[in-house]
Amino acid sequence: MAMASFARRKAYLLSKNLSNSPSSDVLKYSLSLSSFSRGFASSGSDDNDVVVIGGGPGGYVAAIKAAQLGLKTTCIEKRGTLGGTCLNVGCIPSKALLHSSHMYHEAKHAFASHGVKFSSVEVDLPAMMGQKDKAVANLTRGIEGLFKKNKVNYVKGYGKFISPSEVSVETIEGGNTVVKGKNIIVATGSDVKSLPGITIDEKRIVSSTGALALSEIPKKLVVIGAGYIGLEMGSVWGRLGSEVTVVEFAADIVPSMDGEVRKQFQRTLEKQKMKFMLKTKVVGVDISGDGVKLTLEPAAGGEQSTLEADVVLVSAGRTPFTAGLGLDKIGVETDKIGRILVNERFASNVPGVYAIGDVIPGPMLAHKAEEDGVACVEFIAGKEGHVDYDLVPGVVYTHPEVASVGKTEEQVKALGVDYRVGKFPFMANSRAKAIDDAEGMVKILAEKESDKILGVHIMAPNAGELIHEAVLALQYGASSEDIARTCHAHPTMSEALKEAAMATYDKPIHM
């Protein structure tokens with residue numbers, strides 16, 4: 001019944017030419033399975049139904065789902081702890097530090113206005129790092145517990161293909177074993193993207209990994225790259241006392257963000273004393289002294305300048321981790337940046353070899369990888385899987401947070417669709433005013449004729465939680481009136497979404 005309902009909705013949206021189907025450059029690769037022939041005397045495929053290379057959000061979720069579907073499953077992870085970059089040196093530890101640094105900042109700057117006063121407040125950085133590490137350790141052990149519960153075999157080591165159905169694993173203990181499977185899923189995630197002429201030493205020039213483990217608060221921090229990760233880590237250290245300057249080659253921060261929201265977001269970060277040097281490139285790095293001296297130049301060329309820092313964070317994006325897996329040995333096709341080309345069922349051009357998450361086209365997000373993992377395994381099990389890449393929410397976990405789903409106003413304009421915009425500021429939201437945290441807005445875009453919601457953008461405290469009402473609305477093809485006529489509890493931040501929806505199809509009440 002659910003699949004039939006989904007099919008009907010999809011047919012309707014296609015008839016309106018407003019389907020939220022994946023963008024044309026994602027997962028449209030056309031297979032030619034007949035071009036590859038297994039040339040191995042023994043595949044050993046009876047050992048496992050599914051082998052997953054990589055234990056990150058995509059890999060461990062795929063492994064658990066496969067086991068739940070009754071498939072004999074083995075997961076191979078080189079790190080020795082499950083959860084991948086996200087849990088070990090990414091999403092989870094960064095959110096721990098974002099929360100801890102926000103608590104310190106609030107205690108120092110906001111508590112007094114709420115009647116909570118201290119004689120003094122200081123940062124205990126080792127304790128802050130300890131809390132972060134404890135959270136990571138507990139979660140990684142939790143995933144191992146889920147593996148045991150679901151009977152997933154866990155192999156710790158670096159895996160690489162020796163045939164389409166065999167993976168050679170150099171184990172952490174120093175040995176070697178061969179894991180065999182009928183279906184092998186590549187879920188090795190991504191790695192930090194380096195910049196020419198800049199060597200990351202994780203001491204003075206750090207990646208996001210090093211930025212999560214600094215032993216002291218830098219007086220001056222330069223962040224190269226104004227994307228999600230750079231702004232989040234800049235926020236952490238800025239709250240703790242660093243003077244933060246963000247250098248960005250592009251003309252805007254977070255280029256994928258809705259333009260109007262982006263401008264307000266940048267103004268808010270500037271109020272928090274974060275400095276921005278946009279349309280600027282780094283052309284030289286000098287580490288001969290105690291700190292780091294950067295030579296800068298306008299992106300379009302011109303007069304050079306210098307910028308000094310105690311620590312430089314290189315946050316120029318991520319690149320798929322596919323080198324060294326032996327993909328070329330078995331004939332798996334990749335694109336020019338190393339992503340594995342797959343069809344809509346996550347199958348590569350080599351029968352029995354699949355790929356998910358950051359190693360295939362699409363947003364490099366943990367929750368996207370999880371959805372990939374579940375859908376891929378469902379296909380392998382003979383069921384139907386589905387991931388709609390237009391409905392993957394994105395969140396910047398600064399304060400306030402910025403969250404979005406669907407299309408930006410710029411994208412809607414480019415489509416030539418007649419649309420309406422509804423906005424509502426949190427300054428007019430009673431809960432936000434009551435807690436004295438009212439920076440931000442909700443913006444909704446809807447098709448003018450049908451009132452179907454095309455995109456929702458929220459800048460607010462806990463925007464990452466608020467966005468999921470919008471994700472669900474878009475998933476089911478809701479109109480702005482549908483949200484506006486849905487009762488929301490009072491007083492809540494969620495009422496701002498209701499009021500923005502009212503502003504989209506009619507008029508808001510509280511503005």
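This text walks through a predicted model, from its sheet to its salt bridges and then to an annotated histidine.

Start with the sheet. Strands of a sheet pair through backbone hydrogen bonds, either parallel or antiparallel. Here seven strands form an open sheet with mixed pairing, and their order is β5-β4-β3-β2-β1-β6-β17. At the edges are β5 (176-180) and β17 (353-355), each of which pairs on one side only. On average, neighbouring strands of this sheet are turned by 40° against each other, direction ignored. Isoleucine 76 has valine 155 in β3 as its bridge partner.

Next come the charged side chains. Side chains of opposite charge can pair when their charged atoms come close. The model has 17 salt bridges. In one of them, lysine 182 meets aspartate 49 at 3.4 Å, N to O. This pair links distant parts of the chain, 133 residues apart: lysine 182 is in the loop between β5 and β6 (183-186), and aspartate 49 is in the loop between α1 (2-15) and β1 (50-53). Lysine 182 counts as partly exposed, because its relative accessibility is 38%.

Another salt bridge joins lysine 95 to glutamate 232, with the closest N and O atoms 3.1 Å apart. Lysine 95 belongs to helix α4 (residues 91-109) and glutamate 232 to helix α7 (residues 228-239), so the bridge ties together parts that are 137 residues apart in sequence. Lysine 95 is partly exposed at 24% relative accessibility, whereas glutamate 232, at 5%, is buried.

Lysine 368 and aspartate 372 both lie in α10 (residues 366-380), four residues apart, which is about one turn of the helix. Their closest N and O atoms are 2.8 Å apart, and they form a salt bridge. Lysine 368 is buried, with a relative accessible area of 0%, and aspartate 372 is also buried at 0%. Elsewhere, salt bridges link Asp258, Glu260, Glu409, Lys423 and Lys443 in a network.

Finally, consider the annotated residue. An unreviewed UniProt entry places the feature "active site" at His490. Is histidine 490 buried or exposed? Its relative accessible area is 59%, so histidine 490 counts as exposed. Histidine 490 sits in the loop between α14 (480-484) and α15 (495-505). Apart from neighbours within four places in sequence, histidine 490 is in contact with Ser430 and Glu495. With glutamate 495 there is a polar contact between the two side chains, at 3.0 Å.

Terms used: Residues numbered from 1 in each chain as written. Predicted model: local features only at pLDDT ≥ 70, side-chain atom pairs only at ≥ 80, totals over all residues. Heavy atoms only, no water. UniProt positions renumbered as here; feature names shortened; annotations may be inferred. Helix = DSSP H or I, 4+ residues; strand = E, 2+ residues; numbered from the N terminus. Buried < 20%, exposed > 50% of the residue type's maximum accessible area, 1.4 Å probe, protein only. Contact = heavy atoms within 4.5 Å. Polar contact = N/O pair within 3.5 Å; in protein donor to acceptor, adjacent residues only side chain to side chain. Pairing = 2+ DSSP bridges. Axes fitted to C-alpha atoms, helices over the stretch in contact; angles between N-to-C directions. Salt bridge = Lys/Arg side-chain N within 4 Å of Asp/Glu carboxyl O.
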